[in-house]
Protein chains: 2
Amino acid sequence: MTERPAISPTRQEDFPEWYQQVIAAADLAENSEVRGCMIIKPWGYAIWERMQRELDRRIKAAGHRNAYFPLFIPLSFLEKEAEHVEGFAKECAVVTHHRLEATEGRLVPGAPLAEPLVVRPTSETIIGAAFARWIQSYRDLPLRINQWANVVRWELRPRLFLRTSEFLWQEGHTAHQTAAEAEAEALRMLRLYEGFLREMLALPAIAGEKTPGERFPGAVRTLTLEALVQDRKAIQAGTSHFLGQNFARANGITFLSPEGMREHVWTTSWGVSTRLVGTLIMAHSDDNGLVLPPRVAPCQIVLLPLIRREEERTAIEEACARLAAELAERSYAGEPLRVEIDARPSAGGAKNWEWVKKGVPLRVEIGPREVAAGTLSIGRRDRPPRERLSQSVRQFVAEVEGILTQMQEGYWDRAVAFQKSHTRRIASREEFLEFFTPRDAERPEIHGGFAEIPWSGDAALEEKIREEQKVTIRCIPLDQEPAPGTCPFSGKPGKYRVLFGKAY
Amino acid sequence: MTERPAISPTRQEDFPEWYQQVIAAADLAENSEVRGCMIIKPWGYAIWERMQRELDRRIKAAGHRNAYFPLFIPLSFLEKEAEHVEGFAKECAVVTHHRLEATEGRLVPGAPLAEPLVVRPTSETIIGAAFARWIQSYRDLPLRINQWANVVRWELRPRLFLRTSEFLWQEGHTAHQTAAEAEAEALRMLRLYEGFLREMLALPAIAGEKTPGERFPGAVRTLTLEALVQDRKAIQAGTSHFLGQNFARANGITFLSPEGMREHVWTTSWGVSTRLVGTLIMAHSDDNGLVLPPRVAPCQIVLLPLIRREEERTAIEEACARLAAELAERSYAGEPLRVEIDARPSAGGAKNWEWVKKGVPLRVEIGPREVAAGTLSIGRRDRPPRERLSQSVRQFVAEVEGILTQMQEGYWDRAVAFQKSHTRRIASREEFLEFFTPRDAERPEIHGGFAEIPWSGDAALEEKIREEQKVTIRCIPLDQEPAPGTCPFSGKPGKYRVLFGKAY
């Protein structure tokens with residue numbers, strides 16, 4: 001008997017709609033009345049908080065200190081770097097007034113500002129102005145600052161987590177004495193993100209460099225981590241930019257070198273955002289809802305007392321409380337286990353399904369039978385939702401860390417296998433076109449992925465393929481083999497291999 | 001010999017300027033190019049993070065869950081509650097456009113919004129709209145949500161931390177079935193803040209209720225915590241509002257009661273902000289700079305290697321590393337000790353003074369003499385900056401938790417004594433006027449504080465005193481004795497005792 005999965009439509013039936021339904025079923029977020037601005041609901045925010053806390057720890061350990069810079073950027077600041085302003089002008093929210101006034105019984109903007117303010121789409125310019133004050137000598141370098149903040153980039157086609165007008169992120173900004181040191185820093189932070197994605201989110205991503213057309217506005221080099229999600233599209237999961245001296249010149253950030261010369265610093269910036277939550281959903285979740293790797297799950301084990309008769313209540317509640325206390329003493333991945341008891345009254349399996357859809361790794365049911373036998377009925381999120389494992393309390397407590405480790409590794413292995421099986425080395429134009437053309441109109445999701453081809457570095461050709469095939473170079477992978485071969489489009493010798501893909 | 005203190009002017013010489021100089025000397029924050037918006041520098045932000053982390057823990061333990069709501073609020077939302085919009089209209093930043101366009105080589109706001117958006121000054125209205133969707137039945141209540149966010153209230157006379165156009169805060173929002181339950185929640189959260197201020201910041205504050213004229217716009221009752229700082233002025237350190245059904249009606253937040261009736265919920269909101277950092281500075285710091293109670297100090301112990309000759313380096317650095325490792329194993333107030341080694345090269349006492357000004361509780365110097373003797377030279381921030389205690393390494397490690405406890409308690413005792421000595425029960429009009437009139441024009445800071453008087457509850461009289469004396473009722477303390485006595489201004493029987501003070 002095949003049961004109807006909890007999420008409708010399924011991934012195969014309609015991936016974009018499945019994504020929305022997983023978010024709704026797991027109660028992660030919703031659209032607000034302000035176009036493009038989402039409300040991150042408690043379960044979704046708790047996942048973001050897990051990411052934040054761990055990333056913050058890693059960024060601090062890498063030598064960066066947190067600070068906070070203004071939400072507003074004077075228009076004139078944004079204008080200082082020509083490419084930068086061009087890149088962001090079309091998506092800036094602009095503050096023009098600083099009070100409201102009543103006119104004919106209606107409120108209208110009053111008191112215009114002398115200079116309009118832009119709500120930060122990113123903070124290179126305002127942080128650059130501060131760096132210009134803070135940096136005097138080579139002794140002030142390197143300067144490594146990180147900020148957790150909200151930013152606004154006006155979106156006409158928003159999608160929860162992946163593309164919202166307001167989003168939350170961290171943005172790191174550093175300044176260095178030399179180009180080489182700044183480039184190394186940009187790479188170091190990309191690798192830090194890569195490790196975070198791997199260890200916390202069980203998310204393999206290809207570390208690479210963007211082609212000039214896909215660079216961050218104002219950057220000399222943009223490094224990226226490209227993740228492949230279940231509909232074979234690529235999502236940029238993190239970026240790190242080597243900004244050269246562009247923002248240093250725009251903001252006048254100079255230092256006195258050990259030789260007594262005044263020079264411009266070399267800067268970097270790098271960030272990840274709430275987009276990671278969307279990436280996580282699209283990478284791991286299934287037709288029964290959200291799937292959370294244990295390390296990022298706000299709750300790793302939920303205890304579900306099954307009380308059908310009042311006289312059973314005390315014994316079951318006591319068994320739950322005892323188990324919760326025992327589990328709280330144990331740890332996984334260096335942190336105390338995160339355990340919740342869901343004591344709400346519920347008929348039958350409703351609560352169990354709720355936690356399946358929310359992606360909690362382990363569900364532990366305790367009813368009169370379990371209390372009598374000293375056992376537990378355990379549901380794992382990586383197994384079919386109705387499957388139960390019966391274990392003694394002692395055995396479960398002893399093995400729980402191992403089970404979570406196994407699940408975390410299982411999600412990683414599955415994601416790596418998926419990425420590998422949908423990455424193809426392609427040698428001919430025909431094969432390329434076929435790779436990105438659905439073979440079965442009914443199942444458009446079974447084609448595509450990353451197409452790896454030798455590339456001669458031709459920007460016009462890149463643009464032509466983008467227009468005709470709607471696929472783009474996601475990145476030039478950092479880890480390259482020698483002798484890339486011949487570019488199947490230009491027939492020229494490839495400079496390197498690139499990954500093409502459809503992008504979110 | 002009296003030494004010139006590190007901060008100039010001193011508190012006595014010019015308190016407002018001393019405050020600015022402490023912030024500069026401890027490198028906590030600075031003004032940005034955007035009027036009223038500050039930059040919180042790493043040391044200042046680290047203090048805020050300590051507050052955040054501990055408060056977040058307490059708020060979660062009290063049953064609230066974090067979420068995130070949009071930065072922007074449609075103008076029409078703000079208009080729903082008449083008193084609310086009136087209270088905030090004069091200080092709203094208004095977004096009117098969503099892109100920039102080039103006109104005659106200059107960027108100007110393009111693409112006007114159909115409806116202007118206000119940058120949130122507080123989030124009752126946008127969160128209320130979400131609550132209206134989320135709450136259907138009494139089973140959905142109570143709903144307890146907290147948000148960490150930035151808010152904007154345009155300031156014409158900004159002052160770092162205390163009054164800035166953009167500030168960081170948490171805002172809690174809850175909905176309940178009954179008025180009594182909501183009122184109890186508002187009080188519970190005020191008491192939570194009170195405990196946080198006491199235990200973490202060593203800050204005594206008077207818990208009380210605001211008079212109607214001082215209420216939050218739209219609130220039925222506003223509860224407050226009023227702290228007295230060293231210039232005898234009061235600072236509102238936290239507030240908690242019982243909002244009645246005002247926002248429930250404005251937003252249509254209703255629930256089906258157990259009896260099957262559709263009713264409006266009762267709501268509360270409560271918050272503390274980066275203003276607490278300013279309050280902390282004004283309450284504890286001295287003429288040598290910032291003073292941090294150990295529990296809120298980002299670094300509790302700084303180790304200062306004193307290397308004057310290269311051949312001493314290895315032994316001193318090893319001694320520092322050993323001590324840091326030993327201290328890292330120990331805890332204070334339930335958390336691992338926060339220890340830093342300041343290994344920067346420095347001539348003489350410059351580094352030591354830097355940490356004095358930054359308020360780090362313990363400075364531990366290790367030079368060749370200490371290494372040879374197995375001792376440490378310890379400077380405490382609650383003792384004169386040149387005073388040193390010599391202890392063996394073993395003794396210091398064994399006693400450090402006790403020393404920090406003693407310092408934390410010492411700051412609390414001092415702040416309580418200060419508050420008590422500047423709170424006076426006043427029975428006559430003359431005494432009241434004298435209390436708030438500087439006796440010595442050269443030393444205006446030696447007068448004033450909290451004047452406690454019986455009060456008949458007359459709003460017109462309150463306004464008159466405010467205009468004539470520039471003092472206001474800070475609060476009606478929650479803890480009242482019976483029989484308040486006669487109001488010295490109206491001659492009527494007092495309903496309760498109130499605290500008058502000058503306010504930030």
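A:Ala333 sits in the loop between β16 (331-332) and β17 (335-336) of chain A; helices (H or I, at least four residues) and strands (E, at least two) are DSSP runs, numbered from the N terminus. The model is a predicted one, so to speak of local features takes a pLDDT of at least 70, side-chain atom pairs count only at pLDDT 80 or more, and totals for chains, interfaces and linings use all residues. Residues are numbered from 1 along each chain as its sequence is written, chains are lettered from A and ligands numbered from 1 in the order in which they are written, and side-chain values use heavy atoms, with hydrogens and water left out.

A:Ala333 is not a glycine, yet its phi is positive, at about 55°. With 34% relative accessibility, A:Ala333 counts as partly exposed; here buried means under 20% relative accessible area, exposed over 50%, and partly exposed in between (1.4 Å probe, protein chains only). A:Arg232 is another non-glycine residue with a positive phi, in this case near 70°. Its place is the loop between β10 (221-228) and β11 (234-242) of chain A. A:Arg232 counts as buried, because its relative accessibility is 14%.

Cis peptide bonds turn up as well. In chain A, the bond from A:Ser8 to A:Pro9 is cis, with omega near 0°, and A:Pro9 belongs to the segment before α1 (15-25). In chain B, B:Ser8 and B:Pro9 are joined by a cis peptide bond with omega about 0°, and B:Pro9 lies in the segment before α1 (15-25) of that chain.

On the annotation side, an unreviewed UniProt entry places "domain: Aminoacyl-transfer RNA synthetases class-II family profile" on residues 44-293 of chain A. UniProt positions are given in the numbering used here, feature names are shortened, and annotations may be inferred rather than shown by experiment. That span, residues 44-293 of chain A, is 31% helix and 34% strand, and its end C-alpha atoms lie 14 Å apart.

As for how the chains are arranged, chain A superposes on chain B by a rotation of 180° with 0.0 Å of shift along its axis (RMSD 0.0 Å). The two copies are therefore related as by a two-fold rotation axis. Within chain A, the C-alpha nearest the axis belongs to A:Val95, 2.1 Å from it. The superposition is by least squares on the C-alpha atoms of residues with pLDDT of at least 70 in both copies. The copies meet through the same surface, because 100% of the interface residues of chain A are also interface residues in chain B; contact means heavy atoms within 4.5 Å.
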